[in-house]
Amino acid sequence: MRFLLICMVLLSMAAAYYIYLPLPSAIPEPWKLMIVDALIQWHDEVEMEPYYLQCMTMAEELNAVVISVEYRLTPDARFPDQYNDAFQASKHILTAEVLGRYSIDPKRVAVSRALDSIIPIKFKVQALVYPALQALDFNTPSHQQNGHIPILYRPLLDRFWLEYLNGEQKLVPALLANNHMGLDQGQEISAAKAKTDWTKLLLVVFQKNYKPVVPLHGDSKLLEKLPGLLDVRAAPLLADTKVLKAAPPAYIMTCEHDVLRDDGLMYTTPLEEAGVDVAVDHLEDGFHGCLSFAFGPFAFSVGKRNLGNYIHWLKENL
């Protein structure tokens, strides 16, 4: 009996050591988040072995998991295929035939993101939930502050961007160091940096605690390998004001403890300057993905509140 008790104590200590993460005090139910993160990490180590063995891409491996719950993706697609697929689907849905078949009110259609103005029927609103809106600066204050906060870690975000833009995973360290943003990269990159300059787009409080990471000498080959970094279809933050003027009213949800926080907060400025109505729903105790945890055994209070805010805004504005 004593031996069994000792074994249980040791196993509990080992489990706590594996699960424990130092999290900001503002995050509610921290141990629940630690357990969720540990399960995800376990999945990475066990279920994603083909990815690490280079037998599958991360998108293909994640697709295999998603298929197990009866959804299907297209993991072989590379930018701009995903954008074009979504855009063509939007055009098809907004035809008179499809709208009539499913009794859709063309005056009450929302989208998560659209920057093209050639669709005849306009979206009434756009709802962006902790969106990824740029791949130019990987050292915004939220990247620096939340790079080690579950569920979306900073290196993981870079890996996703590289797969999306059809880049090699070995480029992750270069992106993390902002080597594609060197001061010697020319006029095109300078113009793009101006549109993602968080020292001007974010609140002063962020400027006091964090400094921009801009190498003196950049790697021009990175832009050659990843032209999508400067493509507005992948990075709406780079859109011109005349394009944004055609955008519908926006709801932007951001979470304080999320590497993507500043993407959403920065986007409010150019939208408002273009005359677009913007509602920002910033969750001081939120973390990336919390909307997905509004139900089930791992439901979080912030996830339930998050979902409630989202649905309330849609009902009021759609």
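The secondary structure of the protein chain consists of 16 helices and 4 strands. Of its 318 residues, 46% count as buried. The chain exposes about 17,300 Å², and 60% of this area is supplied by carbon and sulfur atoms. When contacts between residues at least 6 apart in sequence are considered, 68% join residues at least 24 apart.

The mean pLDDT of the protein chain is 84, with 81% of residues at 70 or more. Confidence is highest in strand E3, at 97, and lowest in helix H4 (residues 58-67), at a mean of 52. Over residues 65-74 the pLDDT is below 50, and this stretch has 6 contacts in the model beyond near neighbours in sequence. Where pLDDT is low, the predicted coordinates should not be read in detail.

The largest nonpolar core contains 28 residues, of which Leu152, Leu157, Trp161, Leu162, Leu165, Leu226 and Leu229 touch the most other members. At least two residues of this core come from each of helix H8 (154-164), helix H9 (172-176), helix H10 (187-195) and helix H13 (220-225). Another core, of 26 residues, lies apart from it and has Leu23, Leu33, Cys290 and Leu318 among its members. In soluble globular proteins, nonpolar side chains tend to be buried together. Leu152, in the largest core, touches Asn146, Leu157, Phe160, Val259, Leu260 and His288, residues up to four places away in sequence not being counted.

In H8, 8 of the 11 residues are buried, so the helix is largely enclosed by the rest of the structure. These buried residues are Arg154, Leu156, Leu157, Asp158, Arg159, Trp161, Leu162 and Glu163. Asn166, which follows H8, has a positive phi, near 60°. In H10, the buried residues are Ile189, Ala192 and Lys193. Because they cover an arc of only 100° around the axis, they lie on the same side of H10. The cover over the buried residues of H10 includes H13. Gln187 and Ala194 are exposed and are carried on the face of H10 turned away from its buried side.

Two strand positions were examined individually. Thr254 is found in strand E3 (residues 250-257), the element with the highest confidence in the chain. Thr254 has a relative accessible area of 1% and is therefore buried. A polar contact of 2.7 Å joins the side chain of Thr254 to the side chain of His282. Leaving aside neighbours within four places in sequence, Thr254 is in contact with Arg261, Gly264, Leu265, Val280, Asp281, His282 and Leu283.

Ala279 lies in strand E4 (residues 278-287). Its relative accessibility is 24%, so Ala279 counts as partly exposed. Ala279 and Tyr251 are separated by 28 residues in sequence, yet their C-alpha atoms are 4.8 Å apart in space. Tyr251 is also one of the residues that Ala279 touches, together with Ala250, Ile252 and Trp313, when residues up to four places away in sequence are not counted.

How values were computed
Residues are numbered from 1 along each chain as its sequence is written. This is a predicted model: local features need pLDDT of at least 70, side-chain atom pairs count only at pLDDT 80 or more; totals for chains, interfaces and linings use all residues. Side-chain values use heavy atoms; hydrogens and water are left out. Buried means under 20% relative accessible area, exposed over 50%, partly exposed in between (1.4 Å probe, protein chains only). A polar contact is a pair of N or O atoms within 3.5 Å; within protein, one must be able to donate a hydrogen and the other to accept it, and residues adjacent in sequence count only if both atoms are side-chain atoms. Contact means heavy atoms within 4.5 Å. pLDDT is the predictor's confidence in each residue, from 0 to 100. A nonpolar core is a set of buried Ala, Val, Leu, Ile, Met, Phe, Trp, Tyr and Cys residues joined through side-chain atoms within 4.5 Å. Accessible areas come from the Shrake-Rupley method with a 1.4 Å probe; for residues, only the protein chains shown count as cover. The arc is that of the directions from the helix axis to the C-beta atoms.
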